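Here are a few friendly notes to read alongside the model. Please keep the sequence and the 3D view open as you go through the points.

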Amino acid sequence: MRLFTMMGFVVAVFAIAGMIKGTIGLGLPAVSMGLLSLVMSPFQAATLLIIPSMVTNFWQLFAEGHVGRLVRRFYPLLLGIIIGSIWSIFPTLGHSQGIFHSEALLGGMLALYGVYGLFSKNMPDLSPHEKWLSPIVGYLGGALTVATGVVVIPVVPYLQSLQLKRDDLVQSLGLAFTVSTVCLAVYLHLNPVENTPINYQLSMIALLPALIGMWAGTKIRYRIPEQKFRKVFFLGLIIFGMYSVIHQFGWI
């Protein structure tokens, strides 16, 4: 893909992903990784995600304050994410083979995320088990982050199961996303793939459309029913994720 065509595609992808995040509060990494992987490797897609994801996650994390209190509560989860990103049980980005190829893992993650989003109306209360669940969930989240470039399963469902207040949930997700993104950035820098340079310039270019998309998404939120938009979004993730898995195995 030629340079200007690639730049145009990247801008469009992050504008769409930012719009979805602005509308329903999530989805920027999942959407951008899924769409970018159509034209490039997951390793390349993950490198472009670093700066837009980092900035939007910091925005989400520090919007309300109380960050220190959340760090003290969730440090076992955060330590698990760090350890999982260092010693992943899954084949990592750019170094995977067979049925555990990054594209297949990413597609499976997106499909699971979509199923969860469609059917998770009443999550069980896992807060009584938080002490021992947090490091396990964190480890799996970190391991899957360096394998797919996306931190979703199981971190998002887990945090939503702790019965947090809305602002605490939003900030907790921002905290987990921020730590995961830092770990992913360090991993990508320390484990380069041959002939796949990290393009920080293009990642910086992707930040502006992501922010514009988020702004537009906040406007859209008040014009269309959010629940309807969420259903379409998660259904799309299921279809796209299943397509990615099937395509990776050469069945279509």
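1. Let's begin with the overall layout. Along the sequence, the protein chain reads α-α-α-α-α-α-α-α-α-α. In other words, the chain has ten helices and zero strands.

2. Please bear in mind that this is a predicted model. The protein chain has a mean pLDDT of 83, and 89% of its residues reach 70 or more. Where among the elements is the mean pLDDT lowest, and where is it highest? The lowest mean, 77, belongs to helix α10 (residues 226-248), while the highest, 95, belongs to α4. Several of the points below concern α4, so that value is handy to remember.

3. Next, the chain as a whole. It counts 252 residues, and 50% of them are buried. Its accessible surface is about 12600 Å², with 68% of that belonging to carbon and sulfur atoms. As for contacts between residues at least 6 apart in sequence, 83% join residues at least 24 apart.

4. Now look at helix α4, where Gly84 has its place. Is Gly84 buried or exposed? Gly84 has a relative accessible area of 0%, so this glycine is buried. Leaving aside residues up to four places away in sequence, Gly84 touches Tyr139, Gly142, Ala143 and Val146. Gly84 can also be compared with Ser180: the two are 96 residues apart in sequence, yet their C-alpha atoms are 9.8 Å apart in space.

5. Ile86 is also found in helix α4. Its relative accessibility is 52%, and the cut-off for exposed is over 50%, so Ile86 counts as exposed. Ile86 belongs to a nonpolar surface patch of about 690 Å².

6. Finally, follow the chain into the loop between α4 (67-86) and α5 (102-119), where Thr92 lies. Why does Thr92 count as buried? Its relative accessibility is 16%, and buried means under 20%, so Thr92 falls on the buried side. Which side chain does the side chain of Thr92 meet in a polar contact? The partner is the side chain of Tyr187, at 2.7 Å.

Technical notes: Residues numbered from 1 in each chain as written. Predicted model: local features only at pLDDT ≥ 70, side-chain atom pairs only at ≥ 80, totals over all residues. Heavy atoms only, no water. Helix = DSSP H or I, 4+ residues; strand = E, 2+ residues; numbered from the N terminus. Buried < 20%, exposed > 50% of the residue type's maximum accessible area, 1.4 Å probe, protein only. Polar contact = N/O pair within 3.5 Å; in protein donor to acceptor, adjacent residues only side chain to side chain. pLDDT = per-residue confidence, 0-100. Contact = heavy atoms within 4.5 Å. Areas by Shrake-Rupley, 256 points an atom, 1.4 Å probe, with all protein chains shown as cover. Patch = residues over 30% accessible without salt bridge, like charges linked within 9 Å, V, L, I, M, F, W, Y side chains within 5 Å. Salt bridge = Lys/Arg side-chain N within 4 Å of Asp/Glu carboxyl O.
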